[in-house]
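Please keep the sequence and the model in view while reading.

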Amino acid sequence: MSWDDIIRPDLAPLAPYAPGLRASQVRERSGKDVVLKLSSNEHPCGPVPMAVEAMKAVLPRMNRYPDGGVNALRHKLADIHGVPFEQVVVSNGSNELLRLLAQVLIRPGDEIVYPWPSFVVYKMVADMFAATHVQVPLDGAFANDLDAILAAITERTRLVFLCNPNNPTGAIYGREAFAQFMDAVPPHVVVVIDEAYFEFATSADYPDGLDWFDGERPVVVTRTFSKIYSLAGLRVGYGFMPEPLVCAIDKVREPFNVNTVGQIAAYYSLDDHAEVRRRRQENQEQKVYLYSCFDRLGVSYVPSETNFVYFMTDRPVEVFEALLEEGVIVRDFGDAPALRVGIGTPEDTFMTIAALEAVAARLGSI
Ligand SMILES: Cc1ncc(COP(=O)(O)O)c(C=O)c1O
């Protein structure tokens, strides 16, 4: 018996998702007591206090299955965003929603158009459902190139993923470009607008995908509680989409895909508007400090509408390793001449800047 004959052969060339290094691994390696994990775009603070209290209160009830319909949270999201309840989906992270969308839409050979470099899960779901990949390079400002994406759409295109702001570059496309794109995109294509970093964006030109959502046309907007709400460990994402898509997803998702603690925490996180504003503001301030460090060191970077910054380096491997030795974990992208660093607390920024300066001094430049 050979496992190669038993396991689907088309899975053989695929690679599992590779998470960044964990702080504990680097602590062992570097011998540093304090290690900053700035590689996964997480928020540095814990969940908001109301969410923590609600989670504690619900723990004794973990003998029960979750609410499989995620009713309370879906109603709350529907009310906040003025979208009918029937068009709201909550999922085990927005990651799961990206997969579920592909699962209900893609027949083998259908084309999925997505920007590149961008969130690796678009590529993974295209592989998973044997879609034809159509990768579209970013524009000169490192944002999704909407004209090129439009030009890449064919009769066989079933799904377009947009990432705004784009991960890993942090750049956005603006309202006018998006309006033109939406006017031109053919109706047989489902446009999924991934807005995982929506709450961090401060540009007046940032288009809220929901402004183009009417519950009829094939548009989906996805967001997450993993970033500004600090619930990455609980896996809660959500999306707005036409009801037929919600019904299709209901047929293939796990029966209880969103855990009770996550549902409760997300529900109460939505009430702390002041904390979300504070986090956005602090993130903005820390980014500016980091930019000035890059300017001082002569390092070019992409101005970011997110909680991370993409910066350029001719020797990503050396710089990545040197930053690890300083106790700072950033994200590398193989051979790409760039690294991505997350924004943390003011103390984290202080340590990140000290680490970047130490690395620049040691290597001569970044
Ligand atoms: C662009 C983008 N979309 C989606 C996700 C998935 O987030 P989650 O599954 O935690 O909601 C991430 C996570 O980093 C992301 O960067």
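A residue is counted as near a molecule if its C-beta atom, placed from the backbone, lies within 6 Å of it. The model discussed here is predicted.

**Surroundings of the ligand**

There are 13 residues around the ligand, and those that come nearest are Gly93, Ser94, Asn95, Thr224 and Ser226. Helix 5 gives the most to this shell, contributing three residues. The shell divides by residue class as follows.

| Class of residue | Residues in the shell |
|---|---|
| Nonpolar | four |
| Polar | eight |
| Charged | one |

In soluble globular proteins, nonpolar side chains tend to be buried together. In this model, the largest nonpolar core comprises 102 residues, and Leu159, Val192 and Val220 have the most contacts inside it. Domain 1 (19-46 + 273-363) and domain 2 (49-269) each supply at least three residues to this core. Leaving aside residues up to four places away in sequence, Val192 touches Leu101, Leu159, Val160, Phe161, Leu162, Val220 and Thr222.

Which residues of helix 9 are buried? In this helix, which spans residues 243-252, they are Leu245, Val246 and Ile249. These residues lie on the same side of helix 9 because they cover an arc of only 100° around the axis. The buried residues of helix 9 pack against strand 2 (88-91), helix 5 (93-105) and strand 7 (219-224). By contrast, the face turned away from the buried side of helix 9 carries the exposed residues Pro244, Cys247 and Lys251.

Note on methods: Residues numbered from 1 in each chain as written. Predicted model: local features only at pLDDT ≥ 70, side-chain atom pairs only at ≥ 80, totals over all residues. Buried ≥ 20, exposed ≤ 12 C-beta atoms within 10 Å, placed from the backbone. Helix = DSSP H or I, 4+ residues; strand = E, 2+ residues; numbered from the N terminus. Arc of directions from axis to C-beta. Contact = placed C-beta atoms within 7 Å. Core = buried A, V, L, I, M, F, W, Y, C linked by C-beta atoms within 7 Å. Domains from an automatic or database assignment. Nonpolar A, V, L, I, M, F, W, Y, C, P; charged D, E, K, R; others polar.
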